[in-house]
Structure formats: structure tokens, C-alpha cells
Amino acid sequence: MILDERYNYPGHFYQQSEATLNTALNTAPAYKAWQQLDPGAGFPINDRYAAIPELTKQMIRDYFPTGLVPNFKDVDTGLLNGEIEYSFTSGTTGDRVINIWDQDWWDRAEAASWKLNAHTAHFSYPQREAKLASSLNVGISCEEDLPYESRIVGHRLFLNEKINLIQWQPRHFQRMADELYRFQPVIIEANPSLLARLAFWAIDNQVDMYQPSVIVYSYEFISAIHTKAIAKVFNAPQISSYGTSETGFVLEECEAGLLHQNIDFCRIDFHPLKDEFGGPELGRMLVTTFGNPWNTVIKFGVGDLVRLHPLGECACGRNLGLIGQVIEGRVGNSTFTTTGGLVTTLALDRKLAEIDGIRDYLLEQDSPNEYLVDLMVDENNQDILDKTTLAMQELYGSDGRFNIRIQRNLLPGQAGKFRRSQANFDFDEMELFI
């Protein structure tokens, strides 16, 4: 889908698109086979991008470490000089990737993304920041409790060093609360599910929490169940910052609640779903990065579904680039109604968020009409089970069989992130798209 008719792109965006593509095709080994697919410099740049395939994680693995690096850059020299390092992404075997990491480029992209929201646009970069995330995704991992000073790196305090939530005890929640007052961050950047655990603890124990200027969500799908709990404890604006380790900062939520493309640092090619699965306004993103001297990332499939904003204008006044309404979850986390309709994680989340008392959930679909729903609740009662059954029937079909269980705790997967919905049978993701 060509987005130019709906959204506004400045001239330098197309120049950057062309320069980045030419650099990749002419100098990066991974793209050599793509040269014959490129119609050439005389064609519109959007046609050239449409003609080439997407970059996959398997390609990155196959060509590591030099495949995406322009041939005029030397990886060994960059590592020796400290310009770059190797970054290991979390994930299952099929998702895990080692990337060339350029911290300077990453910081510049993040600083640019801050300009897309009024609550961060006035900040100088960087600011004091507390991070609450799985230690598999960011920060420092340790089985033992690390002291406060050992978890401060530069302007960042890492509140959690544990690999798994099951290791969190009451003392860890109290430690987080105390350290927020001690460190006094301007920003809390967090997995929303983990910050929600801290918020639920504060609610249950009537603890007053330190109030940052801004809360930024990253790393995982954002549940309305969690944002509501966090809003009861923290009065700071909540901002969704969307990106990946491979692509940096792609979309930033503005103060009006829409997602804006970080156009100076990325290009987004949109691939819509078929009409019967929710397209053409819902689809996946293929991201190209701009300005990274060490990595030529071209049309990388980030794996998440974005719903487009129907207009090229936003109440915030920022009207350049793609504007999205919401991220609906990963394509691979899709589930299906009993008649084969697509259900995104967001659609499921909105249904469950209507039910008071649910604190977390996981849904697994075992067959076209069999579903297992595990819930964490604030109080075990039959009313929550009955309401959940009705909600699932409305969403998936009245002929579905729903096994709904109350669990004492729900834990993320081996990548340190929650997979809130999944189908336990194979389906061809690409068959969902036009």
C-alpha cells in the first residue's frame, strides 16, 4: 500500500529513502541478491522498495556479523574503538538475534522521538531515568539482590535485576518504591506489565509512590488492564514508545494519543491484512532505518500489527509521516474465532479490560473452538469467571469451549515478555495479508 496519498512526507524523506537503499544494495553483502530485483534509479523510490523482499531475522543470523554493514566499515575496528558492540536480543530460538549495536545512533533516534510528544519535547537529552523491565531485555541480570549503586549506569537506574517475576518478593516491591524516592527519576521507562505489578502492590498496601514527570512504555504489548492500574498510582502522562532492537525508535505516541513516525530515523512500508482479517486499515510494518552508519536495515518485518489513522492530520499538529491509531499486538500472537476470523491481542485485551478484578491473563487456543484462559485476579470469585466466559463467547463464538482458570501468578515466557494470546497450532501468517 502506498501511503503518500494519506500522509505527508517531506522531500528529504524520499532522498533519505533512496540513499539508504542505494547504500544497502551496493555495499552490504546481505542484499547482493536483491540488486537484480531493483528496477533501478530511474523508477520512483516507492516502486523500488515495493520490488524488493523483506529482511528477516533469519537473514540477519545467516549474514552476521558483516552482512548488514557497508563494506567501507570494518567491524573489528569498530569493536576495538568502542564505536559498536554486539547486542543480544531476548526471545525464543526462532526470534533471537545478535545485532551490531551503535549506541550513539540509538541515543540520537530516542532524542528525536521525544520531540513527538509535548510532555517530552521540552526535555534536554538525556534525563534521569528509572527502568523497570525484565533483565533479559535490558539492564543487569543477577540471581542475588544487587545493591542500589550497582544498578545505576550513567543516568539510568535499573530497578530490577531478576530474570523472572517469580523471584519478586515483598522486599523487592518495597525496594523499588524506596529507590524511586531516592533516585527521583524524571522518566520511568517500563514494561507495562511489570510497572502494573508494582502499582497493584502499592494499591494493596496503600503505599504512596514517587511521581515522575513521564511514564514511557516499551518492550511489550500495552494492556488497558495495566494502564488503568498504573494511572491509579502514578499521575504522570503515559506514553507508548514503539520500536525494536533492530530498528530503534519507530513510532511515538503524542499527547493526543496517536502514534507518529520518527521520520528522520526510519521509513515504514505498510502491508495490509486481507479484508476478511481486518484490512486494509490494519497491517504489518516493514521498517527501514535511516542514518545508522553500521547497520543497513531495509524493510525489516517487525512482526506487529498497526492500525492506521484514517486521516493525515492529528490534533497535536504533527502531520508528517505515518500516523497510527494503535498497535494491536504481534501477528504471531493472533488467535481466531470459531469461524476463522482474526482476533488480535488488542481485541482480546479490550474485552477482558471491561471486567473488574482481572489483573493479568493468558489465552491459548488449542483448536478452532477450544480455548484455555488463565487469569490473575484481585479476589477469587465466581462472578469474574462467569463474566469472562460471556466475554469470550461474544468475542470468539458461542460454540467455543472455554476452560477458564484462576491462577495465583502468571509468568512471562523465556524471553522475559508476556505472550498474552497464542494459537497452539500452525497457521501461515503471510496468508493473512494481501
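## A helical turn in H7

Being four residues apart in helix H7, glutamate 179 and arginine 175 are separated by about one helical turn; helices (H or I, at least four residues) and strands (E, at least two) are DSSP runs, numbered from the N terminus. Their side chains meet in a salt bridge (3.9 Å, N to O), a term that denotes a side-chain nitrogen of Lys or Arg within 4 Å of a carboxyl oxygen of Asp or Glu. Arginine 175 is buried, with a relative accessible area of 15%. Buried means under 20% relative accessible area, exposed over 50%, and partly exposed in between (1.4 Å probe, protein chains only).

## Basis of the model

This is a predicted model, in which local features need pLDDT of at least 70 and side-chain atom pairs count only at pLDDT 80 or more, while totals for chains, interfaces and linings use all residues. Residues are numbered from 1 along each chain as its sequence is written, and side-chain values use heavy atoms, with hydrogens and water left out.

## Salt bridges

The structure holds 28 salt bridges. In one of them, the side chain of glutamate 179 meets that of arginine 151 (2.5 Å, N to O). Glutamate 179 belongs to helix H7 (residues 170-183) and arginine 151 to the loop between strand E3 (129-132) and strand E4 (152-153), so the pair ties together parts that are 28 residues apart in sequence. Both ends are covered: glutamate 179 is buried at a relative accessible area of 6%, and arginine 151 is buried at 1%.

Another salt bridge brings together the side chains of lysine 274 and glutamate 431 (3.9 Å, N to O). This pair links distant parts of the chain, 157 residues apart: lysine 274 is in the loop between E11 and E12, and glutamate 431 is in the segment after strand E20 (421-423). Lysine 274 is partly exposed, with a relative accessible area of 24%; glutamate 431 is also partly exposed, with 47%. Salt bridges that share partners join Asp145, Arg151, Glu161, Lys162, Arg171, Arg175 and Glu179 into one network.

Helix H1 (residues 11-27) has 17 residues, which at 1.5 Å a residue should span 24 Å; its end C-alpha atoms are 24 Å apart, in agreement. The expected span is 1.5 Å times one less than the number of residues. The buried residues of H1 are Phe13, Ser17, Thr20, Leu21, Ala24, Leu25 and Thr27. They pack against helix H2 (45-51) and against strands E10 (259-261), E11 (266-272) and E12 (282-289), where contact means heavy atoms within 4.5 Å.

## Strand pairing around E12

In E12, eight of its eight residues are buried. E12 pairs with E11 in the antiparallel sense over seven bridges; two strands pair if DSSP finds at least two bridges between them. Methionine 285 in E12 is the bridge partner of phenylalanine 270. Five bridges join E12 to strand E13 (residues 300-308), also antiparallel, and leucine 282 stands opposite arginine 307 in E13.

## Nonpolar cores

A nonpolar core is a set of buried Ala, Val, Leu, Ile, Met, Phe, Trp, Tyr and Cys residues joined through side-chain atoms within 4.5 Å. The largest has 43 residues, and those with the most contacts inside it are Tyr31, Leu55, Leu251 and Met285. At least two residues of this core come from each of H1, H2, helix H3 (57-63), strand E9 (248-253), E11, E12, E13 and strand E14 (323-330).

Leaving aside residues up to four places away in sequence, leucine 251 touches several residues, among them Tyr242, Leu259, Ile268, Met285, Val306 and Ile327. A second, separate core of 35 residues includes Tyr148, Trp168, Leu195 and Ile230.
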